4 protein chains.
Amino acid sequence: MALTEPLVREDFVVQSSPDVSPPKWHLAHTTWFFEEFLLAKNSALYKRYNPEFGRLFNSYYKALGPHWLQSERGVLSRPTVDEVFNYRRNIDEQVLAHLEKTVWSDEMAFILELGLNHEEQHQELLLMDIKHNLAVNPIETRYSSTSLPRASTVKTEWREFAEGVYEIGDVGDDFSFDNEKPRHKNYVYPFALSSTLVTNKEYLEFVESGSYLKPELWLSLGWSWAQSTVHKHPLYWFKKDGAWFEYTLHGVEALDLEKPVVHINYFEADAFARWRKLRLPTEQELEIYLDANLSSEDSQFFHPTDAAAMRGQVWAWTKSPYVSYPGFKNFEGAAQEYNGKFMCGQFVLRGGCVATPRGHSRNSYRNFYLPEQKWMFAGIRLAKDLK
Amino acid sequence: MALTEPLVREDFVVQSSPDVSPPKWHLAHTTWFFEEFLLAKNSALYKRYNPEFGRLFNSYYKALGPHWLQSERGVLSRPTVDEVFNYRRNIDEQVLAHLEKTVWSDEMAFILELGLNHEEQHQELLLMDIKHNLAVNPIETRYSSTSLPRASTVKTEWREFAEGVYEIGDVGDDFSFDNEKPRHKNYVYPFALSSTLVTNKEYLEFVESGSYLKPELWLSLGWSWAQSTVHKHPLYWFKKDGAWFEYTLHGVEALDLEKPVVHINYFEADAFARWRKLRLPTEQELEIYLDANLSSEDSQFFHPTDAAAMRGQVWAWTKSPYVSYPGFKNFEGAAQEYNGKFMCGQFVLRGGCVATPRGHSRNSYRNFYLPEQKWMFAGIRLAKDLK
Amino acid sequence: MALTEPLVREDFVVQSSPDVSPPKWHLAHTTWFFEEFLLAKNSALYKRYNPEFGRLFNSYYKALGPHWLQSERGVLSRPTVDEVFNYRRNIDEQVLAHLEKTVWSDEMAFILELGLNHEEQHQELLLMDIKHNLAVNPIETRYSSTSLPRASTVKTEWREFAEGVYEIGDVGDDFSFDNEKPRHKNYVYPFALSSTLVTNKEYLEFVESGSYLKPELWLSLGWSWAQSTVHKHPLYWFKKDGAWFEYTLHGVEALDLEKPVVHINYFEADAFARWRKLRLPTEQELEIYLDANLSSEDSQFFHPTDAAAMRGQVWAWTKSPYVSYPGFKNFEGAAQEYNGKFMCGQFVLRGGCVATPRGHSRNSYRNFYLPEQKWMFAGIRLAKDLK
Amino acid sequence: MALTEPLVREDFVVQSSPDVSPPKWHLAHTTWFFEEFLLAKNSALYKRYNPEFGRLFNSYYKALGPHWLQSERGVLSRPTVDEVFNYRRNIDEQVLAHLEKTVWSDEMAFILELGLNHEEQHQELLLMDIKHNLAVNPIETRYSSTSLPRASTVKTEWREFAEGVYEIGDVGDDFSFDNEKPRHKNYVYPFALSSTLVTNKEYLEFVESGSYLKPELWLSLGWSWAQSTVHKHPLYWFKKDGAWFEYTLHGVEALDLEKPVVHINYFEADAFARWRKLRLPTEQELEIYLDANLSSEDSQFFHPTDAAAMRGQVWAWTKSPYVSYPGFKNFEGAAQEYNGKFMCGQFVLRGGCVATPRGHSRNSYRNFYLPEQKWMFAGIRLAKDLK
């Protein structure tokens, strides 16, 4: 709710691309998750707040019946924003009342924790989607009135890691998603990772040297994508009177060359690495790297400002397709549709970003997107093989 | 503005299909028309209210520069509804101030009159679009709280007209669009038109006898359309527990068999006529028919209720493609794009509907839509040849 | 069969666009027409040559059951070309045997005549399709080894016609299609038609003055088309080292500026006329014009060479949508699908072309195509209103 | 050439889906590979057989200039089949002449070997494509006149493998593709693989129990695919009068329940495994399995007949996305586009099939296809985890 405070009513309604959801949909969907998985599952007598909400706010759980088409979420003026606020308040109260008067089963405790983690994921999506909604509009609108600081120039070093069998995945001392489990052994060859994220300066050189027109730099599907897009640059960059600018949640700023590049897709990350005669890291390498480095501080901004940070600035694309770990089991029950069924065609990203809620990410955390998607806060940390 | 009174803020923003525009867009576009064609054309010194509004609220006037894509009007949360209200107030005041202090040229007087007629057209579109926006939403919402009356059974007669050369087109005593001119002679063969509009009862029989599955009833393109659609019935009909209902701006009602059928496309109108071994009228025949009949009263409802009315209930599809009359000239200036460039691929409808503003329609008035479009208040008046 | 003599086996099989059919398909389809409408209709005992051929070679007669998708005709290697030749021979023999031993009913006589006219239509389509198939291939292939003559410069005059009621449509002394009937009266305003077809010289000026980039010259749908196409010129023109060439059935030649322009669509014809501040004729005007002029000689070439010819060089686009005449009746029986169901979305062309078989066309003959289609031998004869 | 002996001229030309290539294209493309990579690379003076052939028969090597669109290979009637035969003969002779009179560099020897392996890959594609071309045609045509034997019932056992670090990839004693290298260590958990391929009987039970309508069995993309397809069964199965049949290169046969199921896509293989509460193997597991089992005999048929065979019947889908091995390097030169650029969005298949040329496959061989593709000879070998 706090994240939506800068919005006016109209901002809650629009959906500026099929990937984006209207802010009011996020608010209703995360509440529906508690209503459906917790209140309704808990009691056969439960009377739903509004029988249509299941259809409207179920995202993709086929076991729960038909749901509204994702790409059509922006055509719904009703329920109004106020009605969604009431819905949230009502379900929150019912959940809290339940918490007080009931002995919670393990399953209920799990759903409560899952629901909170789920809501945290949607907090990040909310910021991604608000950014997209505001950015497509020629009427310039700032989400945050704070100005972004200029970034300092950072020095790049290679952090080296030795060959061997490493343990990968959830260490088990706290909540984690099913896709992070089980912890398992992985044979890793000697590698090095850059101490810094790729900056706008580096990426601009890639752009301006005509890389989007050189097929030898691209995967086959990436080349098809690069030819089909007119925007041969990161999502929120634009050129005006010969100068580059970037739309951020803090408003438009002249492109700051020392900030990390953000909002590029897998094809672009992969082509950039090839252009540099390096490669993207695997997800195992990034997990090992994150384990070996102290956490960086959380960002105070809704935009990456520090290319030297270890984590929490931009999600780093990895070359690892999103697949199950050896011995993987889906969550039980309706939550089985949470992660496993998406293990096809996507790539893993690691490390969190400025939109990720404090405490939501962890070293074993696996984010995943399709290779053509750009609206996430995604950037590049380069890797190389060591002999 | 009065037509939008039943709406909440969220209703102003959404666009439930590419053909539909958000209500706030209609409000801004019709005001932009006055700002652009009247204030800005009138004075080179004119400073636009907001320089971005031209791009956002120009519909299709290529001579005025690039404009926002029609299908993407619903992704714009800004300007807000209140900002649009302010825009309307501001431009209205400027226009009125101008009216008082200036001697108006003929051209300006024409633009003022055209702008008012343009706004009347958008009043009808506004109702069509509000209806579509509310109807796609499973949360049932009424635009009007009035209940619709039951329709009475009407008796059908054939009104006969003699062969001869008829004068067709604008009679010239008031404003008319360029597409109604010039008045011209047309050779017409003897024909008869039904005194009543086709009713839900008649159309339901067409639906339930499997007509959407019989290729012999359809035009070739109509058959392709009929096979591709899952909704083999008028746009706002639906079946629930074996009974037919219809969504209206007055809420859902059990299908009233005596009301005129409405929200069908050209293909359906044409197939229905063929099924009845009759045909659709030409636009000339309908104009002759309207000339020969006294005007009916305006509807008090936002839905057709009287199949015996001569006009003003539903637009009647004609078999006439929308083309220019002999000697046709486009309006001059930017308004040349108003009508002429759409004379390809569309069919003419005649007679006005319940959403048409009082006084906007006339006997020579030519409405036009693509053969697959259904969201207008369009119905059927049957014709036949007389030997 | 004679028209396919220049082809090699492989040429009979390919389909270079969804509109085009493989030559062997034309050969089989026109024979199937006789088998199905004549032999099979004639006797319940008739045993079809191959039971699969109905499905494969029915074009669009829904009453005769499911048929192969038009756009997939080029995926069929079988029946082979020799098998199609055998099929033609066999059905021809059966038809001839039948002719000798039976007293023919009126219906059978009609079908025989219709089948022959149908085959003549496919002779023209065959040439259009062969041209397209050969033209898309970078391996240059000539259909005819004859060289085209250079065209002479022709002088343009305006032929004037008086206002009045004219009789339009089939005069009734020979075979005609249902769409040419009935003969009927039409009120026509005074007009003039050009004595010459638009030449490559005139059209080249239109192309090179940037007309494809000027929205004010185009219909709304035409402008969408013009923006979407990369080929902003007649279908078989191409530019090489700064010079224009044209692919013809007689091979590639340097663009001959005095030849009639050919292979343009309705949008281009309409925009050209607007650019010249003239208009396209109506189909009635062209029929009156053809009636008033002596027939020109048949072309000896498969490409238009004479801009001064009255007819038989290129089909002239008219501004008339393809609709039924007053009192129109479809052919009876299965042939009812021949013409009437296509009366939506197409425009009429008049006058025949170099690919039309001698004797197939006539003054009342109505050809029709979609406004975006270009592969016909279609060109422009300009018209203007007379006060 | 031998593989095309059963074909008639027309069969060489058609392309029954965008994935399929006309047989004459395969013949020309594999010869072009030698011409381009060997003869032309070898001598700057080399004069190409036909300068257009590079454009027509380059498949996807962007470094070699523009190439014909894959989906449009079937629109080319020229060069004719005989001309392609001549082209093959001519280039073969030039290559052999060169072999005799030149001392071959390592690079040339590599290209020669690569070209032969490339041609072997196209031998398999040729059979896949011929099958598809013949199968879509309602005129039934057999590629082979031999009849297929009935398959015997086979007994399934689980072959177990221990946990540990295994060596994976090319063992280096013969030719291999870049994607099989380098040989590298992989940590593998204990697993078991089925001794038999999934049979038609097992798959039919999956089909007939309504599995294509149960979302819980499918990946998210798989479910979208399953809803969009009307063919909810293996590619060449069809039902007639209540009985199942299968089209094979030996003609149509009643579905033989004991034969291995073939022509299913990744989504179907994955859903089948889930339905059986098992899983697909990883590519490493299948390589280990193949290493541990004696090679089976080559098939004498163009259709799988033996579910108990270890290899060479159907390619087994693995759950492994097609990615590079640690330390992977592309082939050098133009051949760098051979494999690496396709490492996105595809899944690995292992073990060879009845269409694979004798001696072409090996344990480390990685085949790969998109998850929706079905026209390969692909089937299922099930896996499970061992505690």
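**Figure 1. A salt bridge in chain B joins Arg366(B) to Glu283(B).** In this predicted model, the closest N and O atoms of the two side chains are 2.8 Å apart. Where do Arg366(B) and Glu283(B) lie in the chain? Arg366(B) belongs to the loop between β9 (347–350) and β10 (367–369), while Glu283(B) is part of helix α8 (residues 283–292), so the pair ties together parts that are 83 residues apart in sequence. As background, side chains of opposite charge can pair when their charged atoms come close.

**Figure 2. In chain C, Glu283(C) and Arg366(C) form a salt bridge.** Look for the closest N and O atoms of this pair, which are 2.8 Å apart. The bridge links distant parts of the chain: Glu283(C) sits in helix α8 (residues 283–292), and Arg366(C) sits in the loop between β9 (347–350) and β10 (367–369), 83 residues apart. Both Glu283(C) and Arg366(C) are buried.

**Figure 3. Two loops of chain A meet through Arg362(A) and Glu180(A).** The side chains of Arg362(A) and Glu180(A) form a salt bridge, at 2.7 Å from N to O. Arg362(A) comes from the loop between β9 (347–350) and β10 (367–369), and Glu180(A) from the loop between β2 (164–168) and β3 (184–188), so this pair ties together parts that are 182 residues apart in sequence.

Figure 4. How many salt bridges does the whole structure hold? A search over all chains finds 80.

**Figure 5. Helix α8 of chain D is largely enclosed by the rest of the structure.** Why can this helix be called enclosed? Eight of its ten residues (the helix spans 283–292) are buried, so the rest of the structure largely surrounds it. The buried residues are Glu283(D), Gln284(D), Glu285(D), Leu286(D), Glu287(D), Ile288(D), Tyr289(D) and Leu290(D).

**Figure 6. Helices α1 and α3 pack together in chain B.** Helix α1 (residues 23–42) and helix α3 (residues 81–101) have axes 9 Å apart and pack at an angle of about 30°. That angle makes α1(B) roughly parallel to α3(B), and their crossing is left-handed. Which residues make the contact? Those on α1(B) include Leu27(B), Trp32(B), Phe34(B) and Leu39(B), while those on α3(B) include Val84(B), Phe85(B), Ile91(B) and Val95(B). Sorted by class, the contact of α1(B) with α3(B) has eleven nonpolar, five polar and three charged residues. While you trace the side chains along a helix, remember that an α-helix has 3.6 residues a turn, so residues three or four places apart point the same way.

**Figure 7. Helices α1 and α4 pack together in chain C.** The axes of helix α1 (residues 23–42) and helix α4 (residues 106–135) come within 8 Å and cross at roughly 170°. The helices α1(C) and α4(C) are therefore roughly antiparallel to each other. Their contact is made up of 14 nonpolar, eight polar and three charged residues.

**Figure 8. Helices α1 and α4 of chain D also meet.** Here, helix α1 (residues 23–42) packs with helix α4 (residues 106–135) at an angle of about 170°, and the axes are 8 Å apart. These two helices, α1(D) and α4(D), are therefore roughly antiparallel. Their contact contains 14 nonpolar, eight polar and three charged residues.

**Figure 9. Arg73(C) lies in a loop of chain C.** Find Arg73(C) in the loop between α2 (53–57) and α3 (81–101). Arg73(C) counts as buried, at 6% relative accessibility. Which residues does Arg73(C) touch? Leaving aside residues up to four places away in sequence, Arg73(C) contacts Gln15(C), Ser21(C), Pro22(C), Trp25(C), Ser59(C) and Trp68(C). Glu119(C) is 46 residues from Arg73(C) along the chain, and their C-alpha atoms are separated by 18 Å.

**Figure 10. Chains A and C have no contact with each other, and neither do chains B and D.** The closest C-alpha atoms of chain A and chain C lie 14 Å apart. For chain B and chain D, the closest C-alpha atoms lie 14 Å apart.

Definitions and conventions: Residues numbered from 1 in each chain as written. Chains lettered and ligands numbered in written order. Predicted model: local features only at pLDDT ≥ 70, side-chain atom pairs only at ≥ 80, totals over all residues. Heavy atoms only, no water. Salt bridge = Lys/Arg side-chain N within 4 Å of Asp/Glu carboxyl O. Helix = DSSP H or I, 4+ residues; strand = E, 2+ residues; numbered from the N terminus. Buried < 20%, exposed > 50% of the residue type's maximum accessible area, 1.4 Å probe, protein only. Axes fitted to C-alpha atoms, helices over the stretch in contact; angles between N-to-C directions. Parallel < 35°, antiparallel > 145°, perpendicular 65-115°, else oblique. Left-handed = near helix turned anticlockwise from the far one by under 90°. Contact = heavy atoms within 4.5 Å. Nonpolar A, V, L, I, M, F, W, Y, C, P; charged D, E, K, R; others polar.
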